[in-house]
Amino acid sequence: MIDVEQERIAQGVSDDEWREDTRYCHALRVARVVEETHDAMSIVFEVPEVLREEFAYEAGQFLSFKVPFEGRVLTRSYSLSSSPEVDDAHKVTVKRVDDGRISNWMNDRVREESRLMVVPPAGLFVLDPDSSRDLMLWSGGSGITPCISIVKTALAKTQRRMLLVYANRDARSIIFQSELEALCAAHPDRLQVIHRLDDSDGFITAPDVVSHLGGNLEREHYLCGPGAFMDTVEDALHEAGVARDHIHIERFVSPHDHVGEAPPPTPPTPDEVAPEKITIVLDGKEHAIAYEAGERVLDAARRAGLDPPFSCEEGYCSCCMAKLASGEAKMATNDCL
């Protein structure tokens, strides 16, 4: 059983660093741990009544965790595999990653009664409330976690039909196999699941995507899985003629740690003019800070000593989503907004 305070001390994280890094967090107790496969487990949390509103979530969102590890505080984000419509507790599912420090730490160390530092739910990979289109979901490996949450919610709240294409290395790697079978049995006219196994079917290809698509270009598509898998699916969908605003993507990575070194600024093009200063409003306070041409706003804020919330270096994009009040900004990479 893990106690966050004892773990912080054992890992050599200072009081000040811990206090600063966990200021958006709450300590949640682990109510139950479920072994899903040989290399994946689910963690079910007890959210006290006083935090229920803060931890309200939409299907497809994720929780972020602050973990003291070898003298530092590492942040990792894991999708909620529970549904706010049908499940009475918050559940995340964590699959082991080769050389993954926190994914392996979670699987090896977290047990019932453990307490973890958790940031409230975030993320934009959610159902469009204004759409009634049928759904097609493309999942690879642990990318099933936000998709099963969306599936359960859509079955409970809508009349939309769904086709899930789920790729894994082999049969024993299929997460939620029994739950998916039960959902298909309960909703045979609305949910179909196609399993693709690398050891028997090979990796998914563009012709495979077109075949599964079946000529239906009107569905909304939700993609979550390894990068190569999603690149193949996304490119094939675009090539087939699926509208870009019908494709929703959640990318996740196992990040390298950044030790205070920002990436080099991207030089502006000749027709771009960069300001000498930018104004950032954080936690209701206004900050005028110096700006270097081509610098990322997040890096400029951190260089100035600010501590904005962010998750792009920790596996998910959108945590630091901000409103542009004036001026212009360009996203170097836009996988989310």
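**A quick tour of the fold**

Among contacts between residues at least 6 apart in sequence, 70% join residues at least 24 apart. Please keep in mind that this is a predicted model. Across the protein there are 9 helices and 13 strands, and 46% of the 337 residues count as buried.

**Surface**
- The accessible surface of the protein is about 17,500 Å², and carbon and sulfur atoms make up 49% of that area.

- Strand β2 (residues 40–46) runs antiparallel to β5, and 6 bridges join the two.
- To find one of these pairings in the structure, look at alanine 40, whose bridge partner in β5 is lysine 95.

**Cysteines**
- If you are wondering about disulfides, the structure holds 0.
- Cysteine 147 has its closest cysteine sulfur in cysteine 224, but the distance of 5.7 Å is too far for a bond.
- Cysteine 224 is likewise in no disulfide, with the sulfur of cysteine 147 as its nearest cysteine sulfur.
- Cysteine 147 is buried, with a relative accessible area of 0%, and cysteine 224 is buried too, at 1%.

Definitions and conventions
Residues are numbered from 1 along each chain as its sequence is written. This is a predicted model: local features need pLDDT of at least 70, side-chain atom pairs count only at pLDDT 80 or more; totals for chains, interfaces and linings use all residues. Side-chain values use heavy atoms; hydrogens and water are left out. Helices (H or I, at least four residues) and strands (E, at least two) are DSSP runs, numbered from the N terminus. Buried means under 20% relative accessible area, exposed over 50%, partly exposed in between (1.4 Å probe, protein chains only). Contact means heavy atoms within 4.5 Å. Accessible areas come from the Shrake-Rupley method with a 1.4 Å probe; for residues, only the protein chains shown count as cover. A disulfide is a pair of cysteine sulfur atoms within 2.5 Å. Two strands pair if DSSP finds at least two bridges between them.
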